[in-house]
Amino acid sequence: MAEQVNEQATADRRPLASRSTSWAQGLAKLLLKTSATPNAVSATGIGFAALGGVAFGYGPQHPWLFLVGALMVQLRLLCNLLDGMVAVEGGRGSPTGALFNEIPDRFEDSFLLIGFGYGCGHPELGYVAAILAVMTAYLRAFGASLSFGQDFRGPMAKPQRMAALTIGGVLAFFEAVLFGSLYSPIIILAVVIAGTAWTCSRRIGAMSARLKDRA
C-alpha cells in the first residue's frame, strides 16, 4: 500500500529539472537529518509568500523591498520543491500530505500576485492574476478527477508565474531607483494575466478534446 501511495505521489508531481540537481538533493538530505516534516515545509512556504506580498506592496515607498519580494518568491518555490522531496524521496509522506501539497500553494500565489498588484499601483490586476492562478490549479485538479492525469501545461503555469514575478521585482527596483517610475511591474503583471488566461484556455481545450474522444 505504501508503495502504491508513493507511486501515485510521484506520478502527480510537477516535472522539475531542479529536483535532480545536486544542490536540491543536498538540501533535502539536510532536512532529512532533522525532524522536519513535508507539511511543515509547505506551511513555511506560506510565510515566505506572505512576506513577499507585503514587501511587493510597500515597494513603491521603499524600492529595496521589491528585491526582498523577489527573494521571497524564490524561497517560496524552494519550499514547494523540498516538501515533495522530503515526502517522496525521504519517505516522510503523511495522510494529510495531499492537502498540504495543494492548499498552501493557493494562498502563496494569491499573497504574491495581489501584493505585486499593489506594488505596481494597480491592485485590481493583482486580484485578477490571483483568480486566474487559482483557476489553473482547479483545471489541473479537475482534469485529474476525470482520470486525465495532472495537466501542468503552460505557458504560464506556477513556475513561469513565479519567474515573472522574480524578474518583475528586480526590474521594479532598478526602474524605481534609476527613473522614479514603475511601468515594468505593470507590464510584467499584464503578461502574467494574459499568459495565465491562455493557460486556462489550453487546459480547458485539452479536457474538451479528451472528453470528445472518450465519448
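User: Leaving aside its neighbours within four places in sequence, which residues is D83 in contact with?

Analyst: Contact means that heavy atoms lie within 4.5 Å. With those sequence neighbours set aside, D83 touches P38, V41, S42 and N101. A word on the source: this is a predicted model, in which local features need pLDDT of at least 70 and side-chain atom pairs count only at pLDDT 80 or more, while totals for chains, interfaces and linings use all residues. Residues are numbered from 1 along each chain as its sequence is written, and side-chain values use heavy atoms, with hydrogens and water left out.

User: Where is the place of D83, and is D83 buried or exposed?

Analyst: You will find D83 in helix α4, residues 64–87. Helices are DSSP runs (H or I, at least four residues), as strands are (E, at least two), numbered from the N terminus. For burial, under 20% relative accessible area is buried, over 50% is exposed and in between is partly exposed (1.4 Å probe, protein chains only). D83 has a relative accessible area of 5%, so D83 is buried. By contrast, L30 in helix α2 (residues 22–32) has 49% and is partly exposed.

User: How do I read two packed helices, and at what angle do the axes of α3 and α5 cross?

Analyst: Two packed helices are described by the angle between their axes and the distance between the axes. Axes are lines fitted to C-alpha atoms, for helices over the stretch in contact, and angles run from 0 to 180 degrees between N-to-C directions. Helix α3 (residues 38–57) and α5 cross at roughly 5°, and their axes come within 7 Å. Angles under 35 degrees count as roughly parallel, over 145 as roughly antiparallel, 65 to 115 as roughly perpendicular and the rest as oblique. α3 and α5 are therefore roughly parallel. Their contact includes S42, G45 and I46 of α3 and F100, P104 and E108 of α5. By class, it has 10 nonpolar, nine polar and one charged residues. Here Ala, Val, Leu, Ile, Met, Phe, Trp, Tyr, Cys and Pro are nonpolar, Asp, Glu, Lys and Arg charged, and the others, Gly among them, polar.

User: What is the angle between α5 and α6?

Analyst: Helix α5 (residues 97–119) packs on helix α6 (residues 123–145) at about 160°, with the axes 6 Å apart. That makes α5 roughly antiparallel to α6. The α5 and α6 crossing is right-handed: a crossing is left-handed if the near helix is turned anticlockwise from the far one by less than a right angle, and right-handed if clockwise. Among the residues that meet are R106 and L113 in α5 and Y127 and A130 in α6.

User: At what angle do α5 and helix α8 pack?

Analyst: For α5 and α8 (residues 184–214), the angle is about 140° and the axes are 9 Å apart. That makes α5 oblique to α8, and α5 passes α8 in a left-handed crossing. L113, F116 and G117 of α5 meet P185, I188, L189 and V192 of α8. These divide into six nonpolar, one polar and no charged residues.

User: How many disulfides does the count come to?

Analyst: A disulfide is a pair of cysteine sulfur atoms within 2.5 Å, and the count comes to zero. The sulfur of C120 has its closest cysteine sulfur in C200, 20 Å away, which is too far for a bond. C120 counts as buried at 6% relative accessibility, and C200 counts as buried at 7%.
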